[in-house]
Amino acid sequence: MTEARPRIGVLVFPGSNDDGDAALALEAVGAEAVLVWHAERELPRLDAVVLPGGFSYGDYLRCGAIARFSTVLRAVSAFAAEGGPVLGICNGFQILCEAGLLPGVLRPNAGLGFVCRDVAVRVERAAPPFTSRCETGQRLVIPVKHGEGCYYAPAGLLAELEGRGQVVLRYEAEENPNGSLANIAGVVDARGNVMGLMPHPEHAVDPLLGSTDGALVLGSLVDAARDRALAAV
Amino acid sequence: MRVTVLVRPKAGILDPQGDAVRGGLDHLGFRVNEARVGRVIDLDVDASSTGEARAAAEEMCRSLLANPLIESYEIEVHGNGGR
């Protein structure tokens, strides 16, 4: 092996179900995946963190509302505050919003149904640490599978997000699967090192799965994690 | 002390669950202009006064029970009756 594998943590909550796929996909694009249980008080040495999809704590009350009080989330907040890259996928996105690490909230799909299919999204922001391997305007095909993925932010907040370029991924207008405001599929925080998205890049890293576009997102994260590991040496 | 928290989707927020309920009622022949679905949370808390119980419930709403971006809440304190 010519390059060291950066260590990327994958959080495991009771009810997570994409933790295994996220770990496999991260390994496939060059990372060493480290599973981290929700009750941990400290993170091991990590170069990036992924919050995977699933139904943490049964999605009771609101999606992500209970998970944000887990002890590991306090450690992740501290990691993010130091500039560490944190990526939330689907339920992970919902958790980051509830935790206040990302703006807005995910609501039940406008069409009421659970949506499980490939969708096309446009890259609105091609930049590290999550989309450096993409081009601005690039069309990615990545599957979604969720019942509560309708992104919402009050008008004032939405204008701020748009003004600061925090919308990273947008569904193609005719493909919006859930009624998300402004077709938003993924956002970053104001600083840019925390991202959430509803599509599942970990399910699109192998031609056998129909698309490898997810590898562009996860690969960008691996690049950023590797840079961070080298900078820490 | 018994406390009831009512959580509602804020006015103007799309409520697909409410729309589905309205559709179901319509199907049964009930004429309803709008239906909104919220959530009731009944709590039993230790508190020495209704004011203390209300303050505790306020804090619970702000930190967990409601998401202020999309939900409003009302708190009813029932005292020690009805146990």
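In chain B, strand β1 (residues 2–9) and β2(B) pair in the antiparallel sense over 6 bridges; two strands count as paired if DSSP finds at least two bridges between them. Strands (E, at least two residues) and helices (H or I, at least four) are DSSP runs, numbered from the N terminus. The model is a predicted one, in which local features need pLDDT of at least 70 and side-chain atom pairs count only at pLDDT 80 or more, while totals for chains, interfaces and linings use all residues. Residues are numbered from 1 along each chain as its sequence is written, and chains are lettered from A and ligands numbered from 1 in the order in which they are written.

Chain A comes next, with 5 helices and 11 strands. A compact globule of 233 residues would have a radius of gyration near 17 Å, and chain A, with 16 Å, agrees; the radius is taken over C-alpha atoms, and the globule rule is 2.2 Å times the number of residues to the power 0.38. Along its principal axes, the C-alpha trace of chain A spans about 45 × 35 × 35 Å. Of its 233 residues, 54% are buried, that is, they have 20 or more other C-beta atoms, placed from the backbone, within 10 Å of their own.

Strand β11 (residues 194–197) of chain A is covered on both faces: V194(A) and G196(A) on one side, and M195(A) and L197(A) on the other, are all buried. In a regular strand the side chains alternate between the two faces of the sheet. Strand β4 (residues 86–89) of chain A pairs with β11(A) in the parallel sense over 4 bridges, and I89(A) has L197(A) as its bridge partner there. Strand β10 (residues 184–188) of chain A runs antiparallel to β11(A), joined by 3 bridges, with V187(A) opposite G196(A). These two strands, β10(A) and β11(A), form a hairpin with 5 residues between them, and G192(A) in the turn has a positive phi of about 100 degrees.

What about the interior? The largest nonpolar core has 75 residues, and those with the most contacts inside it are L26(A), V50(A), L96(A), L218(A) and L221(A). A core is a set of buried Ala, Val, Leu, Ile, Met, Phe, Trp, Tyr and Cys residues joined through C-beta atoms within 7 Å. Helix α5 (residues 214–232) of chain A gives the most to this core, 8 residues. Another core, of 8 residues, lies apart from it and includes V3(B), A53(B), A57(B) and A66(B).

Finally, the two chains meet in a contact that takes 8 residues from chain B and 10 residues from chain A, residues being in contact if their C-beta atoms, placed from the backbone, lie within 7 Å.

Key. Buried ≥ 20, exposed ≤ 12 C-beta atoms within 10 Å, placed from the backbone.
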